[in-house]
Amino acid sequence: MAQAVQRLIAKVPTLVGATITYSKPRLATFWYYARVELVPPSPAEIPKAIEAAKGLIKSFQSGRLGQTTVKDAFRNGLVTTEVLMWFYIGECIGKGGIIGYDV
């Protein structure tokens with residue numbers, strides 16, 4: 001048993017080095033995209049978002065919603081699902097668990 005532990009301890013530096021070597025390019029790619037995609041909207045982007053929302057409401061009111069392609073409808077459904085999942089994950093983090101609030 002002691003020899004097995006010694007062999008395992010001897011392999012730790014090699015495993016750590018391999019983990020670092022494996023992780024560096026992947027973390028660099030993650031941080032590259034995180035700096036671009038996970039940034040809050042700038043003040044210049046807010047009016048564009050408001051106009052897009054107004055356009056969506058106008059298209060819904062005019063009945064253009066029925067002319068949406070299957071591809072666009074599927075993509076819109078995925079985006080909606082993603083937003084809802086982030087909301088639920090935030091709720092679970094905020095309340096400290098999956099099951100209800102402590103009242």
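This is a predicted model: local features need pLDDT of at least 70, side-chain atom pairs count only at pLDDT 80 or more; totals for chains, interfaces and linings use all residues.

Biologist: Which residue does the side chain of Asp-72 meet in a salt bridge?

Modeller: The partner of Asp-72 is Arg-75, with 2.4 Å from N to O. Arg-75 is partly exposed too, at 45% relative accessibility.

Biologist: How many residues apart are Asp-72 and Arg-75 in helix H3?

Modeller: Three, so about one helical turn separates Asp-72 from Arg-75.

Biologist: How many salt bridges does the count come to?

Modeller: The count is two. In the one between Glu-51 and Lys-54, the closest N and O atoms are 3.9 Å apart. That is inside the 4 Å cut-off for a salt bridge.

Biologist: Which helix holds Glu-51 and Lys-54?

Modeller: Both are in helix H2, three residues apart, which is about one turn of the helix. Lys-54 is partly exposed, its relative accessible area being 44%.

Biologist: Why would such side chains pair at all?

Modeller: Opposite charges can pair when the charged atoms come close.

Biologist: Okay, helices. What span should H3 have at 1.5 Å a residue?

Modeller: With 26 residues, H3 should span 38 Å, and its end C-alpha atoms are 37 Å apart, so the two agree. For H2, which has 18 residues, the distance from first to last C-alpha is 26 Å, close to the expected 26 Å.

Biologist: What follows H3?

Modeller: Gly-96 comes after H3, and its phi is positive, near 85 degrees. Just after H2 there is Gly-63, which also takes a positive phi, of about 85 degrees.

Biologist: Is Ser-59 buried or exposed?

Modeller: Ser-59 counts as buried, because its relative accessibility is 10% and the cut-off for buried is under 20%. Its place is in helix H2.

Biologist: What is Ser-59 in contact with, leaving aside neighbours within four places in sequence?

Modeller: Arg-64 and Leu-65.

Biologist: And where is the other serine, Ser-42?

Modeller: Ser-42 sits in the loop between helix H1 (2-37) and H2. Ser-42 is partly exposed, at 29% relative accessible area.

Biologist: How many Å separate the C-alpha atoms of Ser-42 and Arg-64?

Modeller: They are separated by 30 Å, with the two residues 22 apart along the chain.

Biologist: New topic, rings. How many aromatic pairs are there?

Modeller: The structure holds three. One of them joins Phe-30 and Trp-31: the centres are 5.1 Å apart and the planes are at 70 degrees.

Biologist: Is that pair stacked or edge-to-face?

Modeller: Phe-30 and Trp-31 are edge-to-face, because planes over 60 degrees apart count that way. As for accessibility, Phe-30 is partly exposed at 43%, and Trp-31 is partly exposed at 48%.

Biologist: Which residue lies over the face of Tyr-22?

Modeller: Arg-26 does, at 3.8 Å from the ring centre.

Biologist: Last thing, confidence. What pLDDT does the protein average?

Modeller: The average is 88, and 98% of the residues score at least 70.

Biologist: Where is the confidence lowest and where is it highest?

Modeller: The lowest is helix H2 (residues 45-62), with a mean of 89, and the highest is helix H3 (residues 70-95), at 91.

Notes: Residues are numbered from 1 along each chain as its sequence is written. Side-chain values use heavy atoms; hydrogens and water are left out. pLDDT is the predictor's confidence in each residue, from 0 to 100. Helices (H or I, at least four residues) and strands (E, at least two) are DSSP runs, numbered from the N terminus. Rings of Phe, Tyr and Trp (its six-membered ring) pair if their centres lie within 6.5 Å; planes under 30 degrees apart count as stacked, over 60 as edge-to-face and the rest as tilted. Buried means under 20% relative accessible area, exposed over 50%, partly exposed in between (1.4 Å probe, protein chains only). A charge sits over a ring if NZ of Lys or CZ of Arg is within 6 Å of the ring centre and within 35 degrees of the ring normal. Contact means heavy atoms within 4.5 Å. The expected span of a helix is 1.5 Å times one less than its number of residues.
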